[in-house]
Amino acid sequence: MGSGFAKSDQLKKRDRETSLLVPVPPAMRAALLIQRWYRQYVARLEMRRRCTWNIFQSIEYAGEQDQIKLYNFFGYLMDHFTPASSERNLISHIFRENNICRNVDWERYFCYKSIEVPKLYSGPHLSFPITCSNAAELVEAFKNKQQLHSRYVLQLLGETWRLLRILPNISQISTCHSKEITICGDLHGHLEDLLLVFYKNGLPSSEKPYVFNGDFVDRGKDSLEILLILFSFLLVYPNDVHLNRGNHEDHIVNLRYGFTKEVLGKYRLHGKKILKLLQKIFSWLPLATVIDNKVLVLHGGISDTTDLHLISRVDRHKYVSALRPPKRKRQNRSGITDSDLEDDDPTTKPVDSSRRRVHSLTHSSSTGTRHEVQRRSLQGLNNRVTCSVEEELKERRRQAGLSQSYGDLRNSLANSDSDPDSGELLESYGDEWKQIVDMLWSDPMPQDGCVPNEVRGGGCYWGPDVTEEVLRRHNLTLLIRSHECKQEGYEFCHNRRVLTIFSASNYYEVGSNRGAYIRMGPDLVPHFIQYQANRATRALTLRQSVGRTERSALRALREKLFAHKSELISSFQEYDPENTGLISLGHWACAMEAVLRLGLPWRVLRTQLVGDTLDGMLDYHLWFRELAITEPNTELSNASLLETMYKHHSNLETIFRIIDTDNSGLISFEEFRQTWKLLSSHLQTEISDEAISDLAVSIDFNKDGSIDINEFMEAFRLVGGDLLQNEGIHGRQRTLVQAQSEAD
């Protein structure tokens, strides 16, 4: 046997020698070289695309985390202070819960009959009960950029509210041999994606049922039109159109991500009523859908405590915002709850302030004893010489543990004791609330286990073991969820037991991702249809598409870098003890992550953000000057105030929207000052009244004593341009060049 192996080796050696003597045809050699080059080219593009994706996703999740932190802070203020009546109106109205005892009053408030449709109105007309032809005409009208009259909007929303109230928390649907079920993921105001799905797949009908898996609104510009289309088909086919609630079906989230602004911009006269009614509708949306008792469809995900039997029994409408659990309200002798007295609905009669129950909150110390927090107004705190608002809040935040992680804070909220006179979180409410948050906010992870989702700030990360256990416990085979943008529009994980579907194409930027939807028949095997809704994307080459998306991501990242300029320079200086203005690229990457906490591959991004250096050392002052950020043209001299606006632009706009209770788009100087006081308290920074007054005067362009919110936010918005090519003598900075020749 040994000789046989030796002979074989000799034959192989001879064959190799012979092959070396045979000349390779030039055409074959050229083809191999081209193939090798192309594979390397595609690999480099893929690496750039993944880095771009990480930038977009990290910035998105950081914004969601800021949103939750800000809302937790507002909730903390409501729980710990009893402001004077004029100040309570600043934020208290966003915490009001739907009152199920006032449906008659609500219907009277939302009555559309007093609103007349003018003869000159050229938009679509609706008749009720709505028909399939009405719904189809509405689709065509919105496709042609027409707007539905506010009378029809309120009437359609009112009918939707009445229908949703009789639907279960978890919808049950079945397939059959004659039809498939279509499942769509996040749409986020991208009407063109919904229209393309209908074009490819057909309109909803009894023969073509649909499941829309939440996040219909925010970010895109046509969120309201999407809702009106979906609600109209829901009314026509209540057994064949199913809408699940997403984490963006939440009026608090809408304040930050554009839906509130969109509605008020399109319906200035009746926008407030429309938003109020939508707030109630969102709270009544079902939480999940089950197909053939085997496939679970929900928006976010699950956790190790997910119990569908519990979810099916909760009063879902109590969770007007999933960011805050409902509280038990004490009743007075008349049987009226405290929330009734505080409700600002137009159907409620004014209540004398002397009869209003004063709420307070006590904290559990390490020994388990209670310490009552003295009730005082923000105005009273402002006037105290010995203790400022910021100092008081800092101490009370420390006592309340607001520096905790989301998971710890969630548990502490659910388990904390409360003053008998205050709204108290029931244990059952705590369990329900945590499960609803997990269903709306959670994401899967490749590792086993279940941990708090610190990246988004809400929900959890759950692993394959949790998936297997929850599916086994409920006798399910597949979990379909949305909530995460995927480059191809869909993605399997957890041994193909979890499927993510995302239907908004071009979500971050034109060309950033495909959209997709699912068709599922009786075999319960998902079939995917992918698409790009933007026609310009189809004309771009792969390189152009990646380059365009990359430039957009780097623009957003440079704006974020500039907004954190002071913090970054301080961090750089820690690595520069001799104050030379130079640091190594390794120290640059460490400082970037320490300040921004985006989890990005900074060393990989160095060539796009830094370029060439001198002997591997970066001049960080020069680097900031060459970020190509266009600052607002303002005479405001307070650099600290400017940087605060840059860094917390979205938080500031959210507070403005909250304070603008009449939705006029205008706020007074006093409301402007209160906005900055709330923001500075949240950030635990000191901003003087003089600086705030100077800012207010500088942007009161027409000198009428009020400030236009939209003009103010646009006036102080950073604009990141593409970096200019700088080929200096030393070649210190290699930067990106915008390709003007690309098809836009």
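# A walk through the model

Start by selecting Val24, Met28 and Leu32: together these three make a nonpolar patch on the surface, with about 270 Å² of accessible area. Patches here are built from residues with over 30% relative accessible area and no salt bridge, joining like charges within 9 Å and nonpolar side chains (Val, Leu, Ile, Met, Phe, Trp, Tyr) within 5 Å. Areas come from the Shrake-Rupley method with a 1.4 Å probe, and for residues only the protein chains shown count as cover.

Before moving on, keep in mind that this is a predicted model, where local features need pLDDT of at least 70, side-chain atom pairs count only at pLDDT 80 or more, and totals for chains, interfaces and linings use all residues. Residues are numbered from 1 along each chain as its sequence is written, and side-chain values use heavy atoms, with hydrogens and water left out.

**Along H2**

Zoom in on Val24, which sits in the loop between helix H1 (2–21) and helix H2 (26–80). Helices (H or I, at least four residues) and strands (E, at least two) are DSSP runs numbered from the N terminus. Val24 is partly exposed, at 42% relative accessible area; buried means under 20%, exposed over 50%, and partly exposed in between (1.4 Å probe, protein chains only).

Now follow H2 to Ser58. Which residues does Ser58 touch, not counting those up to four places away in sequence? Pick Leu598 and Leu600; a contact means heavy atoms within 4.5 Å. Ser58 is buried, with a relative accessible area of 14%.

**Into the cores**

Next, select Leu148, Phe212 and Leu278. They have the most contacts inside the largest nonpolar core, a set of 61 residues. A core of this kind consists of buried Ala, Val, Leu, Ile, Met, Phe, Trp, Tyr and Cys residues joined through side-chain atoms within 4.5 Å. Helix H8 (residues 223–236) gives the most to this core, with 10 residues. Apart from this core lies another, of 36 residues, including Leu568, Ala591, Leu598 and Leu618.

Stay with Phe212 and show its surroundings: leaving aside neighbours within four places in sequence, Phe212 is in contact with Cys184, Leu187, Leu194, Phe198, Leu230, Val241, His242, Leu243 and Asn244.

Leu194 and Phe198 lead you to helix H7 (residues 191–201), where both are among the buried residues. This helix is mostly covered, with eight of its 11 residues buried. Hide H7 and look at what covers its buried residues: helix H5 (132–143), strand E2 (181–184), strand E3 (210–212), H8, strand E15 (515–520) and strand E16 (526–531) are included.

**Strands to click on**

Strands of a sheet pair through backbone hydrogen bonds, either parallel or antiparallel. Two strands count as paired if DSSP finds at least two bridges between them. Go to strand E12 (residues 478–481), which is covered on both faces: Leu478 and Ile480 are buried on one side, Leu479 and Arg481 on the other. Strand E6 (residues 295–297) pairs with E12 in the parallel sense over three bridges, and Val295 stands opposite Leu478. E12 also runs parallel to strand E14 (residues 498–501), joined by three bridges; there, Ile480 stands opposite Leu499.

Then find the open sheet of three strands, ordered E9-E11-E10, with mixed pairing. Its edge strands, E9 (443–444) and E10 (450–452), each pair on one side only. E9 and strand E11 (residues 460–462) are parallel, with two bridges, and Pro444 has Trp462 as its bridge partner in E11.

**Salt bridges**

How many salt bridges are there? The count is 23, taking a side-chain nitrogen of Lys or Arg within 4 Å of a carboxyl oxygen of Asp or Glu. Select Arg456 and Glu64, whose side chains meet at 2.8 Å, N to O. Arg456 lies in the loop between E10 and E11 and Glu64 in H2, so the pair ties together parts that are 392 residues apart in sequence. Both Arg456 and Glu64 are buried.

Move to Lys486 and Glu484, a salt bridge with its closest N and O atoms 3.8 Å apart. Lys486 counts as buried at 12% relative accessibility, and Glu484 is buried at 9%.
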